[in-house]
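Please look over the protein chain shown here before reading the notes on its fold, its helix packing and some of its residues.

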Amino acid sequence: MNDLREASQKYLELRRNLGFQLRGPKSALRSFVAFAEREGASSITTDLALRWAKEPADAQPATWALRLQMIRRFAIWLSATDQRTEVPPVDLLPHRYRRQRPYIYSDGEIHKLIQTASQLPSPRGLKGCTYSTIFGLLSVTGMRVNEALTLDRKDVDLAKGILKIRRTKFGKSRLIPVHESTRQALTDYARKRDQTVRGSAHAAFFLSERGTRVTEWAARYNFVKVSREVGLRPPGRSHGHGPRLHDMRHRFAACILLNWYRRGIDVERELPRLATYLGHVHVNDTYWYIEAIPELLDLATRRLEENREVES
């Protein structure tokens, strides 16, 4: 086994044991090691790491910086046991990450996405039901994509309409109550799933027709496919640019905040509750929606001016 490949496996195992979620780093390290093997390299050099980081030539500078940062962490760890290792300078690809402005789906677009997803063809007819239910659930709960896909059957209380979110982005569990219509949609899906994938002992709530957990890659791929059909993304072989599945979460938060402002509710007082519901560690992460969405920023500014007039 290549030295770098063996070292990367040890590094990932160590971080996993420390409680880190490794979807991004795991994929990145595998790609980097494969790149190093093609280059005939047995150790990390700054030049090697930089060329790999900038390999997707059409990527954003923030993506290059993030890729290099992941290899730099690995190099720091590896340098303790392999003196050949070069640690790339921290400012080699300086770039401040800027969050992408959210796309706020209209009610009509959400309806089209769910309806089109329900018609996705598959040999046993479960695929359409699976993805239309996943997309619908994301739109009405604001869950992260991976939170929905890691739901186990025991986490979904179909009698009470409560979801238990485990293994979250920041390791915090929370409960999400859902509307009766959502509870019924989940119940209908569970019935269809069990009729289609008989005898499956898999713990996952959302299953593929093979009886395995639906992956995040598959969810995003099918979302892109559906998005093209409804005109939200341009046609083509690559995923292209356009609204993302994660924007379902942004839409949910934006709709809640817009509703509060329009009804005259004290948003400052209620915001920590929304932050808890969304699984944000800091309420500042929830404030970001106000800054990122022009209508919300306008409403917040007006509310502030009204409060100042009352105080004066």
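This is a predicted model: local features need pLDDT of at least 70, side-chain atom pairs count only at pLDDT 80 or more; totals for chains, interfaces and linings use all residues.

Residues are numbered from 1 along each chain as its sequence is written, and side-chain values use heavy atoms, with hydrogens and water left out.

**Whole chain**

- The protein chain has 13 helices and three strands, where helices (H or I, at least four residues) and strands (E, at least two) are DSSP runs numbered from the N terminus.
- Of the 312 residues in the protein chain, 43% are buried, a term that means under 20% relative accessible area, whereas exposed means over 50% and partly exposed in between (1.4 Å probe, protein chains only).
- Among contacts between residues at least 6 apart in sequence, 58% join residues at least 24 apart, contact being heavy atoms within 4.5 Å.

**Helices H10 and H11**

- Helix H10 (residues 247-262) packs with helix H11 (residues 267-278) at an angle of about 160°, their axes being 11 Å apart; axes are lines fitted to C-alpha atoms, for helices over the stretch in contact, and angles run from 0 to 180 degrees between N-to-C directions.
- This angle makes H10 roughly antiparallel to H11, since angles under 35 degrees count as roughly parallel, over 145 as roughly antiparallel, 65 to 115 as roughly perpendicular and the rest as oblique.
- The residues making the contact include Phe 252, Ile 256 and Trp 260 of H10 and Leu 271, Leu 274 and Tyr 277 of H11.
- By class, the contact of H10 with H11 has 11 nonpolar, no polar and two charged residues, where Ala, Val, Leu, Ile, Met, Phe, Trp, Tyr, Cys and Pro count as nonpolar, Asp, Glu, Lys and Arg as charged, and the others, Gly among them, as polar.

**Helices H5 and H9**

- Helix H5 (residues 107-117) packs with H9 at an angle of about 115°, with axes 9 Å apart, which makes H5 roughly perpendicular to H9.
- On the H5 side Leu 113, Thr 116 and Ala 117 meet Phe 223, Val 226, Ser 227 and Glu 229 in H9, and these residues divide into four nonpolar, two polar and one charged.

**Two residues of H9**

- Asn 222 lies in helix H9 (residues 216-229) and counts as buried because its relative accessibility is 3%.
- Leaving aside neighbours within four places in sequence, Asn 222 is in contact with Leu 120, Lys 127, Tyr 131 and Phe 135.
- Glu 216, also in helix H9, is partly exposed, with a relative accessible area of 23%.
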